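Here's a friendly walk through a few spots in this protein. Have a look at the model first, then read on.

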Amino acid sequence: MRRRRNLVIGALLCVLFIAAALVSFVWTPFDVISLDIANKLKTPGGEHWFGTDHFGRDILSMIMVGARTSIAVALVAVGIGMVLGVPLGLFAAASRGTLLDELIMRGNDLIFAFPALLIAILITAVLGPSAVNAIIAIGIFNIPVFARLTRAAALSLWERDYILSARVAGKSKLRISAEHILPNLLNLLIVQGTIQFSLGVLAEAGLSYVGLGAQPPTPSWGRMLAESQTMFSFAPHLAIFPGLAIVFTVLGLNLFGDGLRDYFDPRLRHNRHDETPEAIVNDERVS
């Protein structure tokens, strides 16, 4: 537990986040769509643990359903980035120095020039604001992230002896990429996928905050923050609880990704495990 505290804490926060989303499919304390004006702006306590909003809707129920929205948007967006970005990175590494490599990398640079928010604005200007368009915007932004990471890691693997042996055996570059390069990149891609998932949750909240994400009546943490900003002086719970949900979810995913990185990287694992008094004394003796 001490050596894997980041992984354990992050996993617990992620489990809590996912469990809330899954439970919301079958049960929430109150209906998140029906309005109850008589009970609007109730403070936390009693039947409403997190209070109610200006329409009388239960904040806890909306946070649970909002977790479902965040997971769906971030998960699909990261999936788009991986499915399209990883093959592009593998092709670029396999054709290093060729015109194909240059086209792929310059295309990535072009996408990087436009932040996810600007891409979302461009998409929603044509198609209108929705959760689907938020997924497209975040997914497009994730493509060059995975393409660059895959290419950089694959280039170092192409210099290994076992890759040279595969080339001598007559295997094509495409087959080498699929059978030897990609399996050795899975750990790195899993860690990066976890980190991009946390960024996807944050991006979805940001897009919903400016009205480009999930639309009413679908609950969204970002839109809950946007609706609460004019009432913060007399109803701070409207902003505090969705804000904490975003903070702890992103924190948990980042800790989980950091723990996975330490777990999958033998050098980091060795360094972390050797940080004991006996190891420090031995290191000082050797030096």
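This is a predicted model: local features need pLDDT of at least 70, side-chain atom pairs count only at pLDDT 80 or more; totals for chains, interfaces and linings use all residues.

## Helix H1

Let's start with H1, which covers residues 5-23.

Which residues of H1 are buried? They are Leu 7, Gly 10, Cys 14, Phe 17 and Ala 21. Look down the axis of H1 and these buried residues fall within an arc of 105°, so they line one face of the helix. An α-helix has 3.6 residues a turn, so residues three or four places apart point the same way. Over on the other side of H1, you'll find Arg 5, Leu 12, Val 15 and Leu 16 exposed.

And what covers the buried residues of H1? The cover includes helices H2 (59-94), H7 (173-209), H8 (221-228) and H9 (237-264).

## Gly 213, in a loop

Now hop to the loop between H7 and H8, where Gly 213 sits. Gly 213 is buried, because its relative accessible area is 1%, and buried means under 20%.

Leaving out neighbours within four places in sequence, Gly 213 is in contact with Pro 129, Ser 130, Ala 131, Ala 134, Leu 207 and Ser 208. Take Ala 131: it is 82 residues from Gly 213 along the chain, yet their C-alpha atoms are separated by 4.8 Å.

Not counting residues up to four places away in sequence, Gln 196 touches Val 78, Asn 142, Val 145 and Phe 146.

Note on methods
Residues are numbered from 1 along each chain as its sequence is written. Side-chain values use heavy atoms; hydrogens and water are left out. Helices (H or I, at least four residues) and strands (E, at least two) are DSSP runs, numbered from the N terminus. The expected span of a helix is 1.5 Å times one less than its number of residues. Buried means under 20% relative accessible area, exposed over 50%, partly exposed in between (1.4 Å probe, protein chains only). The arc is that of the directions from the helix axis to the C-beta atoms. Contact means heavy atoms within 4.5 Å.
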